[in-house]
Amino acid sequence: MIIRLWRGEAATPATAHAYFEHVTGTVFPSLKAIPGHVDAWLLRREDGGKTEFLAMTFWTSLEAIKAFSGGDIGVAIVEPEGRAALSDFDDFARHYEVAFRSSGAADTYP
């Protein structure tokens, strides 16, 4: 399993809420239609009056991620609604292969 990580930051509580609503109401639900998508998590933390988000999407393979991101999987996909709500965000995504899961379920993923 591959995890795709991306980070963004909202400057105000209102824009943080707008970003949360966009991602959880539009982006993450749309990923369910892509073969090879497994799960999506959105982490958040407050830091100095800003809200930082870390999006983690789980995929069966790098090929599955290409169906979402296109040819260059290292480029972040940030829709206009997300860009409007964020004061800063990474223009790249990082990918990690799951090497171990303490739940013991890692052998269920390719």
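The model is predicted, so local features need pLDDT of at least 70 and side-chain atom pairs count only at pLDDT 80 or more, whereas totals for chains, interfaces and linings use all residues. Residues are numbered from 1 along each chain as its sequence is written, and side-chain values use heavy atoms, with hydrogens and water left out. Helices (H or I, at least four residues) and strands (E, at least two) are DSSP runs, numbered from the N terminus.

**Helix 1**
- Ala16, Tyr19, His22, Val23, Val27, Phe28 and Leu31 are the buried residues of helix 1, where buried means under 20% relative accessible area, exposed over 50%, and partly exposed in between (1.4 Å probe, protein chains only).
- The cover over these buried residues includes strand 1 (2-10), strand 2 (37-47), strand 3 (50-59), helix 2 (62-69) and helix 3 (80-85), with contact meaning heavy atoms within 4.5 Å.

**Nonpolar core**
- A nonpolar core is a set of buried Ala, Val, Leu, Ile, Met, Phe, Trp, Tyr and Cys residues joined through side-chain atoms within 4.5 Å; in the largest one, which has 21 residues, Trp6, Tyr19, Phe28, Phe53, Trp59 and Leu86 touch the most other members.
- Helix 1 gives the largest share of this core, six residues.
- Not counting residues up to four places away in sequence, Trp59 touches residues including Met1, Leu31, Val38 and Phe68.

**Largest pocket**
- The largest pocket is lined by 17 residues, and Trp6, Tyr19, Val27, Phe68 and Ile77 lie nearest its centre.
- On a 1 Å grid over the protein atoms alone, a pocket is an open set of points where a 1.4 Å probe fits, with protein on both sides within 12 Å along at least five of seven lines, and lining residues have an atom within 4 Å of a point.
- Helix 1 supplies the largest share of the lining of the largest pocket, seven residues.

**Loop residues**
- Asp90, in the loop between strand 4 (88-89) and strand 5 (94-97), counts as buried because its relative accessibility is 16%.
- Gly74, in the loop between helix 2 and helix 3, is partly exposed at 26% relative accessible area.
- Gly74 and Phe92 are 18 residues apart in sequence and 5.4 Å apart in space, C-alpha to C-alpha.
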